[in-house]
Amino acid sequence: MQGNGLASSARRTVQYLKEAGEDVRVLSGPNPDPNGPQPDFLLKRFDFPFVQPIVTAQGYQFAASVPEVMEEAVRWADVVHLEEPFVIEDRLIKIAEKQGKPISATYHLHPENITNSLGPLRNWKGLNRKILRSWCDLTFSHCSFVQCPTENVQDRLRRYHLPNPTYVISNGVEPDESIRPVDPPKGYDDPERPLHVVYIGRLTLEKDQDTLLDAMRYSKFARRIQLHFAGKGPDERRIKRKAHKLFTDGVLAYDPVFTFEDRNGLRRLAAEADLCVHCATVEVEGLSIMEAMQQGVVPIIAAGRYSGTSQFAIDKRSVFPERNPEALAHRIDYWLSHPAERWVTGQRYVEHMQQYNIRRSVEQLIVLFKQVTGISE
C-alpha cells in the first residue's frame, strides 16, 4: 500500500514498536518514494492488467510473491503479523505454518473499500459477503489473534465465527498536543463571522462528501459556512463541480476550498475549524477525524453498518445517520448555534482522545505478541 490510511497506520505502528524496543522488519513491495526507506525484505511490485489505473487512483500498490524472500523473512521472525488479507498473505501463511511460526493480523479494510470502485458491483452485498468469507477462511482463521480497530469491526467478524480471539485495539493516533487555546479567541461568538466547516479525507465515494454538500441546502447557517475539503482522490473533479454549484446557485456565500495538507497543515486546519464533519459510509476506524479531535474541534460523524468511527463520539449530537443530509444539517445547526458549548465540548474531545495514544495501542499489541510466541517479559 502507499498513499492511504492503511499504509500510514502500518508505518506508524512499526515506528512505535521499534521505539518500544521491539525488533521489527517489514516485508513488502518497494516504497513508491525512491528517497524514502525501503522494506527490509523487498518484494517486486505487482501491476494488475487493465485495471491498474483504478488501483493507483485508490492509493494502493500491491506486491508479487518472491518465495525465497518470504521464506527468509519468516525464518527471521518470532511472529508474523499481517496487515492485509490478500493472495500474498495467504502464501505467507503457508510458509509460516510450515515453519511453525505464529501468525497475527490487523483488520484494516472492509470489502466495500474495494468494491466501491467497481461501478455497478458496488451495491452487490453478496459479493462483499463472499470476499469477507474468503478473507476469514484464508487469512484471519489462521491467526492466533486478530486486532480489530473498532467495536464495529469486531462485531462484523463475529458474524463469521472465527475460531480465534479478536481484540478491540485502536490503531492509535500519534500524541499531538492541541494548539487550540483553552479559551475561545475574541470574536468567536461574533454572529457575522464566517463559520469554518472542515472535511478531512480522501475524495472518494465511500467518504461521502456528497452528504455534507447536500446538507448545505438544509442548513440555516449555509450562507455563513465556509466549507474546506482537505484531501485528494478519484472523485475530486466531480465533488469540486458539485461544491462550486452550491456557490453559483447562491446556497453558499463562500466558494468551497479544496487543499491537500501535510500533517502540520491538517493540525492547524482542525484547530481553527468550527466543526469537522466525517460522513464516510465505509470506515474501519477513521484516523483523520481522530487526529482532528485531538485539536479540540467538535466532530459530527456518520453512523452506519460499515463505519466504526462514531464509536469515538462523546455526545449523541456528534452523530447522525449515514447518507442523511437533513439530519447532518440539524447537527451542524445545533453546534453552530451554541458557540460556548461547542468550545467546551471541543476541549473535552482533547482529553477523550488521550486514551487512543498509539503508544497505548502498541503496548497492548506487544503483550499479545509475547503471549502467542511464549516469550516472557
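Which residue forms a salt bridge with D315? In this predicted model, select D315 together with R317, and you will find the two joined in a salt bridge whose closest N and O atoms are 2.8 Å apart. D315 counts as buried because its relative accessibility is 12%, whereas R317, with a relative accessible area of 27%, is partly exposed.

D210 lies in helix 8 and K242 in helix 9 (residues 236–248), so the pair ties together parts that are 32 residues apart in sequence.

Now move to R193 and D274, which form a salt bridge with their closest N and O atoms 2.5 Å apart. R193 is in the loop between strand 8 (166–168) and strand 9, while D274 is in the loop between helix 10 (263–272) and strand 12 (275–278), so this pair ties together parts that are 81 residues apart in sequence. R193 counts as buried at 18% relative accessibility, and D274 is buried as well, with a relative accessible area of 2%. If you display every salt bridge in the model, the count comes to 20.

D208 is buried yet has no salt bridge, and R323, the nearest side chain of opposite charge, is 5.0 Å away, which is beyond the limit of 4 Å for a salt bridge. Leaving aside residues up to four places away in sequence, D208 touches Y199, C279, T281 and R323.

**Where two helices cross**

Finally, show helix 1 (residues 5–19) and helix 14 (residues 358–373), which pack at an angle of about 75° with their axes 10 Å apart. The two helices are therefore roughly perpendicular to each other. To see the contact itself, select R12, T13, Y16, L17 and E19 on helix 1, and I358, R359, V362, L365, I366 and F369 on helix 14. Colouring this selection by residue class will bring out seven nonpolar, one polar and three charged residues.

Conventions: Residues are numbered from 1 along each chain as its sequence is written. This is a predicted model: local features need pLDDT of at least 70, side-chain atom pairs count only at pLDDT 80 or more; totals for chains, interfaces and linings use all residues. Side-chain values use heavy atoms; hydrogens and water are left out. Axes are lines fitted to C-alpha atoms, for helices over the stretch in contact, and angles run from 0 to 180 degrees between N-to-C directions. Helices (H or I, at least four residues) and strands (E, at least two) are DSSP runs, numbered from the N terminus. Angles under 35 degrees count as roughly parallel, over 145 as roughly antiparallel, 65 to 115 as roughly perpendicular and the rest as oblique. Contact means heavy atoms within 4.5 Å. Ala, Val, Leu, Ile, Met, Phe, Trp, Tyr, Cys and Pro count as nonpolar, Asp, Glu, Lys and Arg as charged, and the others, Gly among them, as polar. Buried means under 20% relative accessible area, exposed over 50%, partly exposed in between (1.4 Å probe, protein chains only). Lys and Arg count as positive and Asp and Glu as negative; His and the chain ends are not counted.
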